[in-house]
Amino acid sequence: MSSQVIFGQLLVGLINGSFYAMLSLGLAIIFGLLGIANIAQGAFYMMGAFFAWLLLRELGVTYFYALILSPLIVGLIGAVVERLLLRRIYKLPHEYGLLLTFGILMFTQGLFIYLFQTAGRPYATPPELAGGYNLGFMFLPKYRAWVVVASLMTCLASWYALEKTSLGRTLRAATENPALTRAFGINVPSLMTFGFGAGVALAGAAGVLAAPIYTVSPIMGADLIIVVFAIIVIGGMGSILGSIITSVSLGLLEGLAKVVYPQGSNMVVFVVMILVLLVRPAGLFGRER
């Protein structure tokens with residue numbers, strides 16, 4: 001087997017891992033802050049891609065502007081969803097959040113299927129990122145290199161903001177002791193809204209990055225979210241850095257499996273999840289309770 005095939009599949013795995021990282025990071029933020037396993041993350045990923053496509057088709061908004069505007073729109077929609085729906089179930093068991101966000105996923109997916117049908121719509125690669133580099137052992141498309149760099153930089157910047165800044169410390173304080181945080185005059189409900197909006201905005205940004213690689217379709221996030229939840233379980237629910245490291249590692253492992261045993265490559269993540277749960281139920285980076 002040629003080195004071009006091996007490195008090509010590893011690149012595909014790295015790209016998938018980059019998307020997994022952005023989606024799982026958003027999920028980790030939302031779960032850590034709100035205690036809700038947001039099944040609807042796949043719907044917000046799909047909306048990010050669709051809004052980018054609509055902005056280009058209807059308003060002529062180019063890719064790089066859409067990469068800013070589309071996540072903002074998705075984040076605002078997420079803030080409205082948190083205010084109107086999720087806020088009502090915070091004191092209820094976790095199953096209610098799971099069921100509610102699953103309902104949001106089904107409703108959103110059904111609405112977009114009704115409006116746009118299930119056929120995929122192409123989104124052109126921006127001219128600035130067309131072409132690629134001949135590295136000798138493989139051909140590296142510029143856009144795919146951009147996706148990996150942009151997604152990983154976004155994830156690391158988000159991790160830094162949460163772990164090393166005053167805003168991140170305030171968000172963590174609101175999660176661990178909301179009553180004490182309120183005593184310092186901090187508006188905890190607004191922090192919750194901001195946290196959920198930021199988490200789904202990451203999914204929207206991943207959708208924009210994915211649009212030129214995959215066709216834009218109402219069902220593009222439904223299967224992906226299952227894999228992302230498995231990654232979250234492996235990394236540890238609520239672990240920010242764990243979700244990033246696990247996503248990239250499993251993306252590469254998935255790409256390598258496509259070289260060695262293509263028929264079973266889609267099962268690699270779930271096999272790893274089973275093994276991790278047997279050895280460490282809290283996940284690789286999770287805290288034992």
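A: Thr193 is buried, because its relative accessible area is 9% and buried means under 20% relative accessible area, with exposed meaning over 50% and partly exposed in between (1.4 Å probe, protein chains only). This is a predicted model, in which local features need pLDDT of at least 70 and side-chain atom pairs count only at pLDDT 80 or more, while totals for chains, interfaces and linings use all residues. Residues are numbered from 1 along each chain as its sequence is written, and side-chain values use heavy atoms, with hydrogens and water left out.

Thr193 belongs to helix H8, which spans residues 188-210; helices (H or I, at least four residues) and strands (E, at least two) are DSSP runs, numbered from the N terminus. Leaving aside residues up to four places away in sequence, Thr193 touches Ala79, Glu82, Arg83 and Arg87, where contact means heavy atoms within 4.5 Å. With Arg83, the side chain of Thr193 also makes a polar contact of 3.3 Å. A polar contact is a pair of N or O atoms within 3.5 Å; within protein, one must be able to donate a hydrogen and the other to accept it, and residues adjacent in sequence count only if both atoms are side-chain atoms.

Two of the residues that Thr193 touches, Glu82 and Arg87, are themselves joined through their side chains by a salt bridge of 3.2 Å, N to O. A salt bridge is a side-chain nitrogen of Lys or Arg within 4 Å of a carboxyl oxygen of Asp or Glu. Glu82 is buried, with a relative accessible area of 0%, whereas Arg87 is partly exposed at 27% relative accessibility. The search of the whole structure finds two salt bridges, and Glu58 and Arg57 also form one through their side chains, at 2.6 Å, N to O.

Another buried residue is Ala52, with 0% relative accessibility, and its place is in helix H2 (residues 41-59). Not counting residues up to four places away in sequence, Ala52 touches Ala66, Ser70, Tyr123 and Val208. Although Ala52 and Val208 are 156 residues apart along the chain, their C-alpha atoms are separated by 6.1 Å.
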